[in-house]
Amino acid sequence: MANKELRRRKREKMIEENGVIYLDNVSKVYSTGSPALNGVTLSIGSGEFVFIVGDSGSGKSTLIKLLLRELTASSGSVYVMGQDLAALKHRQVPKFRRNIGVVFQDFRLLNDRNVYENVAFAQRIVETPASEIRRNVPAILATVGLAGKYKAKTRQLSGGEQQRVALARALINNPSILLADEPTGNLDPKNSWEIMRLLDEINANGTTVVVVTHSREIVNAMHKRVVTMKKGVIVSDEEGGEYIDED
Ligand code: ADP
Ligand code: MG
């Protein structure tokens with residue numbers, strides 16, 4: 001137990017000094033081709049809202065996958081919530097991921113299930129008691145503006161509604177970090193703004209939010225920290241930044 005306490009203190013110190021997300025000189029080389037990430041150092045503090053932008057192929061999704069421990073770094077270190085992800089054993093990964101909500105461009109919902117089930121499922125896999133699930137799911141669906149849609153099959157919903165289900169599912173277990181990889185990539189401008197408004201609200205409640213996006217309008221209007229990637233390196237990192245034109 002003393003060891004456990006020591007590890008906890010070490011993680012807290014790491015978060016204090018380097019942020020809740022910390023990449024230290026990280027490179028990722030896939031078996032084919034040139035490095036997808038090449039010496040990336042990035043630190044994101046608890047409660048920050050950060051946009052990651054850059055051309056297709058610049059390494060944004062690779063970065064997100066490293067944070068989820070879907071991939072491991074070829075060199076350098078990745079720390080999430082003070083935890084060195086290289087030190088994480090395979091069996092520890094599911095527990096680690098409970099603290100991270102994720103949203104993707106293609107929603108990734110269970111299309112043969114209804115809205116309620118899609119969200120409740122995320123609670124069942126972490127063994128939340130049924131009575132709590134019955135309380136939590138309606139509350140989170142109301143937060144994302146889907147209070148009247150419990151019974152709809154997700155394939156019957158609009159793209160914007162589907163993404164809100166995905167967001168509810170990502171948030172239901174109260175993650176401390178929310179990662180979104182092009183969450184508005186399949187949405188029209190009105191629905192894109194609605195998703196961004198929700199992400200902003202979630203961030204205002206204390207969740208650290210990292211959003212990969214191609215939307216110049218949104219990035220320029222929201223005045224958040226903007227990290228720009230190009231060919232696997234960070235080429236700029238600005239508070240209240242703008243979407244930088246590549247050509
Ligand atoms: P982005 O999300 O910015 O479009 P990615 O992180 O998906 O960029 O990709 C970065 C680079 O890594 C690209 O050159 C891409 O072709 C390559 N890449 C991505 N995933 C794989 C993979 N599974 N195997 C091999 N190369 C990959
Ligand atoms: Mg990508």
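R69 is found in the loop between α2 and β4 (75-80), where helices (H or I, at least four residues) and strands (E, at least two) are DSSP runs numbered from the N terminus. This is a predicted model, in which local features need pLDDT of at least 70 and side-chain atom pairs count only at pLDDT 80 or more, while totals for chains, interfaces and linings use all residues. Residues are numbered from 1 along each chain as its sequence is written, chains are lettered from A and ligands numbered from 1 in the order in which they are written, and side-chain values use heavy atoms, with hydrogens and water left out.

Seen as a whole, the protein has 8 helices and 10 strands. Its radius of gyration is 18 Å, close to the 18 Å that the globule rule gives for 247 residues, so the protein is as compact as a globular protein of that length; the radius is taken over C-alpha atoms, and the rule is 2.2 Å times the number of residues to the power 0.38. Of the 247 residues, 48% count as buried.

The interior can be followed through its nonpolar cores, each a set of buried Ala, Val, Leu, Ile, Met, Phe, Trp, Tyr and Cys residues joined through side-chain atoms within 4.5 Å. The largest core has 41 residues, of which F51, V119, V137, L167, L178, L199 and V211 touch the most other members. Among the elements that give two or more residues to this core are β3 (49-54), α5 (130-143) and α7 (189-204), while the largest share, 6 residues, comes from α6. Leaving aside neighbours within four places in sequence, L199 is in contact (heavy atoms within 4.5 Å) with F49, L167, L178, P183, V209 and V211. A second, separate core of 31 residues includes V26, I44, M81 and V93.

Key
Buried means under 20% relative accessible area, exposed over 50%, partly exposed in between (1.4 Å probe, protein chains only).
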